[in-house]
Amino acid sequence: MYHCGCWYEFKRISCSDFRKENMNVVLAARNTKKLDNLKRELGCHLIQCDASDPTQVEHLFTATDKLIGQPKMVVYNPSARVRGEITSLDPLETKQALDITCYGAFLVAQQAAIRMVKQGSGSIFFTGASAGV
C-alpha cells in the first residue's frame, strides 16, 4: 500500500487500519519530518516526494518497489486551492494548485497503473479533491 500525501489525522487513521490488515505502508509527503511520529507509531515507511514533480514521483515508486514490492493499493490525497474571485486569482498560485491537485494525481496514477497492469490487479483511490480525478 502506498499513500501519497494528506492531512495527518486521516493518514493516522487510514494507515492504522491498513496495518491491522497486515499491509505494508509507505507514506509520501513533501515534508516527511511531520510524519516521524506516525512512522514510529505505525511502523510505516516514509519517502519525501513532491507529487507534482515527475522525477520525484518515479523515484517514489521505484523506492517503494524496493521497500515493500509493487503496490496493490495507492491512495492519492494531496490537494491545493486558491480562494477568491476568478478575476483576482493569482495565475501562478492557481497553476501550483492545479499542479498538485490534478497533475500530481495523474503522475501518481500513471506510475501506479504501470505496475498494476503488469501484476494484473490493483486499486487507485483519489481522496484529496474531485479535481484530482
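Where is the place of Thr 32? Thr 32 sits in the loop between strand 2 and helix 2 (36-42), and that loop is one stop on this short tour. The model is a predicted one, in which local features need pLDDT of at least 70, side-chain atom pairs count only at pLDDT 80 or more, and totals for chains, interfaces and linings use all residues. Residues are numbered from 1 along each chain as its sequence is written, and side-chain values use heavy atoms, with hydrogens and water left out.

**Overall layout**

- The protein chain has 4 helices and 5 strands; helices (H or I, at least four residues) and strands (E, at least two) are DSSP runs, numbered from the N terminus.
- Reading from the N terminus, the elements of the protein chain follow the order β-α-β-α-β-α-β-α-β.
- Of the 133 residues of the protein chain, 39% count as buried, where buried means under 20% relative accessible area, exposed means over 50%, and partly exposed lies in between (1.4 Å probe, protein chains only).
- Among contacts in the protein chain with a separation of 6 or more, 58% join residues 24 or more positions apart; a contact means heavy atoms within 4.5 Å.

**Helix 3 against helix 4**

- Two packed helices are described by the angle between their axes and the distance between the axes.
- Helix 3 (residues 54-68) packs on helix 4 (residues 91-119) at an angle of about 35°, and their axes are 10 Å apart. Axes here are lines fitted to C-alpha atoms, for helices over the stretch in contact, and angles run from 0 to 180 degrees between N-to-C directions.
- From helix 3, Pro 54, Val 57, Glu 58, Phe 61, Thr 62 and Asp 65 meet Tyr 103, Leu 107, Val 108, Gln 111, Ala 112 and Arg 115 of helix 4.
- The residues of this contact of helix 3 with helix 4 comprise 7 nonpolar, 2 polar and 3 charged. Ala, Val, Leu, Ile, Met, Phe, Trp, Tyr, Cys and Pro count as nonpolar, Asp, Glu, Lys and Arg as charged, and the others, Gly among them, as polar.

**Nonpolar cores**

- In soluble globular proteins, nonpolar side chains tend to be buried together.
- The largest nonpolar core has 17 residues, of which Val 57, Leu 60, Phe 61, Val 74 and Val 108 touch the most other members. Such a core is a set of buried Ala, Val, Leu, Ile, Met, Phe, Trp, Tyr and Cys residues joined through side-chain atoms within 4.5 Å.
- Strand 2 (26-29), helix 3, strand 4 (73-76) and helix 4 each supply at least two residues of this core.
- Apart from this core lies another, of 12 residues, including Val 25, Ala 29, Cys 44 and Val 75.
- Not counting residues up to four places away in sequence, Val 57 touches Cys 49, Asp 50, Ala 51, Leu 107, Val 108 and Gln 111.

**Salt bridges**

- The whole structure holds 2 salt bridges, each being a side-chain nitrogen of Lys or Arg within 4 Å of a carboxyl oxygen of Asp or Glu.
- One joins Asp 65 to Arg 115, with the closest N and O atoms 2.9 Å apart. Asp 65 belongs to helix 3 and Arg 115 to helix 4, so the pair ties together parts that are 50 residues apart in sequence.
- Asp 65 is partly exposed at 24% relative accessibility, while Arg 115 is buried at 8%.
- Asp 99 and Lys 95 also meet in a salt bridge (2.9 Å, N to O); both lie in helix 4, 4 residues apart, about one turn of the helix.
- Asp 99 is partly exposed at 22% relative accessible area, and Lys 95 is partly exposed at 47%.

**Two residues to look up**

- Thr 32 is buried, with a relative accessible area of 18%, and touches Leu 46, Ile 47 and Gln 48, not counting residues up to four places away in sequence.
- The C-alpha atoms of Thr 32 and Gln 48 are 5.7 Å apart, although 16 residues separate them along the chain.
- Arg 19, in helix 1 (residues 8-20), is partly exposed with a relative accessible area of 28%.
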